[in-house]
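Me: I would like to go through this model by question and answer, starting from the terms and moving on to the packing.

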Amino acid sequence: MTEVSIVVPVYNAGPYIERCAPSLLGQTLGRDAYEIVYVDDGSTDDSPARLDALAARHPGHVRVVHQENSGWPGKPRNVGVRLARGAYVQFVDQDDELAPDALERLHRLAVRNGSDIVLGRVTGTMAGPSNVFKRTVERCTAADAPLFESLTPHKMFRRAFLLEHGIEFPEGRVRLEDQVFMARAYVRARTVSILGGRPCYLWNRREDGGNTSSRPTPPETYYGHLRTVVEEIRAGTEPGPLQDHLLRRSYRVELLRPVTEPRVLQRTGPALERYFTTVRDLARTAYPPGVRDGFPALTRLRATLLEEGRLDSLVELARRTRHIRPHVTLDAVRRDRSGRLLLTTTTTLLRPDGEPLTLHERYGRLLLDPDLLTGIEGAEHWDVPHPLAYATGELLVHDRAHDRWWFPDADLTAGLRPLGPGRHQVVVSGTTAIDPATLADGDPVPPGTHLVWASAQLLGIGRRARLPAGSRPRPPAVRTGTPPRLVLATRTAPHDQLALTAGAPHRTSLPDHLLLRTTASPRARRTARTVLDRLPPPVRARALPLARRITRTSASPGTQRTP
């Protein structure tokens, strides 16, 4: 029985077909449980021949459909859904890949919950870290999960759900066709599941720049299609708080982008006026007032200036806010009895002059920092009735060797810190528990050096910063994993950033402990390189194996050069 159909739209994919195909053919779900449906959208290169050869090598498992060119991926995907034999459909683009066990894990979660949609974690050169996939969520909806932060269609869908509600991609050259499709699906889905942990989908940026989403589009066309996304959300929801909530993502991310740094500072003259006029018209005619009014302070200010037609004020605001930077402190570091690293941190924001970004009390109201806004028409005396709205923070650990991001368990809360009479600062603080035994998507931390970052959203300003190691004593290394390895809290040069350094498995003796601690020191590594560079060539050749062992033990590939 066919459980899942993978639908792949193809247009002039060339060798990318052979890059993608092995990841689809080798799924652990089992060959008899899924099929691959390629829909060739009138390719003019050798893609049709490549696809036919692939189908000939895998009869019954790979199917190929050829059609006239429609100009965009929407129609090929719709054709693939109609021809699919599986109970579930997984969309994959021609230049992307699936993890070997992706279908098995996604399908298991879907069947367990009767899900209409299952989101699998996305990674790759087209994807950044997203806390949507921080944890597995068995059952949720757009009303209680941030689903609209994930609007690509690289997901698994119950085919009957799509057919029952007539959910299709717009056909022809339609930008944001993915968002239109996902908006239609999200507002109608009764059960959505999110699969955290190991990545499922590798979203790749093509070396030749051939990704469809990279092609330029005039603002009138682009935002005309965004209006369609808005209309789909409004058509699928009742007016009120939920609808406003679902519409905020497109307003914040798409609509405000041309009037926010860096874009608003990169365009000038008629080009800037063109974008400003286009997005202002959409803001005033497509979005209910509740959308703007629910934003945090600075986002609401930008939206108000946009709708009031104050382009000069938006430009000046961008000049001042682009240099607002985070200030992160490591207040305490220790290990608990289970070996978890406990990091207590505080994150705040600083103005470009280095002073805290503040809120001022005036006649029972809180006003956004006058030193930031003075002289900006329409922005002075800006009221902040809900200073902690959307205020969040978290720590992330970055495995640079494989460009993976991990989200440890955190208990961070936002609050107001008094700075003197009538002055306050929004801060996010608390303790994050990093468990070396499970940090890597449920697995032990792999060998190498992994950097710790702090991320925060305060007053509508999002920033990510290196977590400084500071001068506090750090706890000893801990043994973890099977096979066991040593994990040590270290610092990296030249930024003095806190990191986790994991040794190679099986190496947990006292000499290995000392080697790990010594080589985790930036100063020790620099000294070792200097000494090795000065050795006579025969001696240096004998020392290189040890140097390579040190490099493998103390750093991820690419973070240190081999002596």
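Reply: Contact here means heavy atoms within 4.5 Å. The model is a predicted one.

Me: With that cut-off, what covers the buried residues of helix H3?
Reply: Helix H3 spans residues 74-83. Its buried residues are Gly74, Pro76, Arg77, Asn78, Val79, Gly80 and Val81. The cover over them includes H5 and H6, along with the strands E1 (4-10), E2 (34-41), E3 (62-67) and E4.

Me: How many of the 10 residues of H3 are buried?
Reply: Buried means under 20% relative accessible area. H3 is largely enclosed by the rest of the structure, because the buried residues among its 10 number seven.

Me: How many helices and strands does the protein have, and what share of its residues is buried?
Reply: The secondary structure amounts to 17 helices and 24 strands. Of the 563 residues in the protein, the buried ones make up 54%.

Me: Among contacts between residues at least 6 apart in sequence, what share joins residues at least 24 apart?
Reply: The accessible surface is about 24,700 Å², and carbon and sulfur atoms hold 51% of it. For the contacts between residues at least 6 apart, the share that joins residues at least 24 apart is 72%.

Me: Which strands stand at the edges of the eight-stranded sheet?
Reply: This open sheet has mixed pairing and the order E3-E2-E1-E4-E9-E6-E10-E8. An edge strand pairs on one side only, and the two that do so are E3 and E8 (137-140).

Me: In E2, which residue is the bridge partner of Val7?
Reply: E1 and E2 run parallel and are joined by seven bridges. Within E2, Val7 has as its bridge partner Val37.

Me: What angle does the direction of H3 make with that of E1?
Reply: Helix H2 (residues 47-57) packs on the sheet, touching E1, E2 and E3, and its direction is at about 155° to that of E3. H3 packs on the sheet as well, touching E1, E2, E3 and E4. The angle between the directions of H3 and E1 is about 155°.

Me: Which strands stand at the edges of the three-stranded sheet?
Reply: The order in this open sheet is E5-E11-E7, with mixed pairing. Two strands have a single partner each, so one side of each is left without a neighbour in the sheet: E5 (97-98) and E7 (122-123).

Me: Which residue in E11 stands opposite Leu98?
Reply: E5 and E11 (residues 201-202) run antiparallel, with two bridges joining them. In E11, the residue opposite Leu98 is Tyr201.

Me: How many aromatic pairs are found in the whole structure, and how far apart in sequence are the parts that Phe91 and Phe169 tie together?
Reply: The search of the whole structure gives 10 aromatic pairs. Phe91 and Phe169 form an edge-to-face pair, 5.3 Å centre to centre with 85° between the planes. Phe91 lies in strand E4 (residues 88-91) and Phe169 in the loop between H5 (159-164) and H6 (177-186), so the parts tied together are apart in sequence by 78 residues.

Me: Is the pair of Phe169 and Phe181 stacked or edge-to-face?
Reply: Planes under 30 degrees apart count as stacked, and those over 60 as edge-to-face. For Phe169 and Phe181 the centres are 3.8 Å apart and the planes make 5°, so by that rule the pair is stacked.

Me: Are Phe169 and Phe181 buried or exposed?
Reply: The limit for buried is under 20% relative accessible area. Phe169 has 3% and Phe181 has 1%. Phe169 and Phe181 therefore both count as buried.

Me: Which residue has its charged end over the ring of Phe169?
Reply: Ring pairs link Phe169 into a cluster with Phe91, Phe157 and Phe181. The charged end over the ring of Phe169 is 4.9 Å from its centre and belongs to Arg77.

Me: What is the distance between the C-alpha atoms of Ser313 and Ala379?
Reply: Ser313 is found in helix H13 (residues 311-321) and is buried, with a relative accessible area of 8%. Leaving out residues up to four places away in sequence, Ser313 touches Leu305, Ile376 and Glu377. Ala379 is 66 residues from Ser313 along the chain, and their C-alpha atoms are separated by 7.7 Å.

Conventions
Residues numbered from 1 in each chain as written. Predicted model: local features only at pLDDT ≥ 70, side-chain atom pairs only at ≥ 80, totals over all residues. Heavy atoms only, no water. Phe/Tyr/Trp six-rings, centres within 6.5 Å; stacked < 30°, edge-to-face > 60°. Helix = DSSP H or I, 4+ residues; strand = E, 2+ residues; numbered from the N terminus. Buried < 20%, exposed > 50% of the residue type's maximum accessible area, 1.4 Å probe, protein only. Lys NZ or Arg CZ within 6 Å of the ring centre and 35° of its normal. Pairing = 2+ DSSP bridges. Axes fitted to C-alpha atoms, helices over the stretch in contact; angles between N-to-C directions. Areas by Shrake-Rupley, 256 points an atom, 1.4 Å probe, with all protein chains shown as cover.
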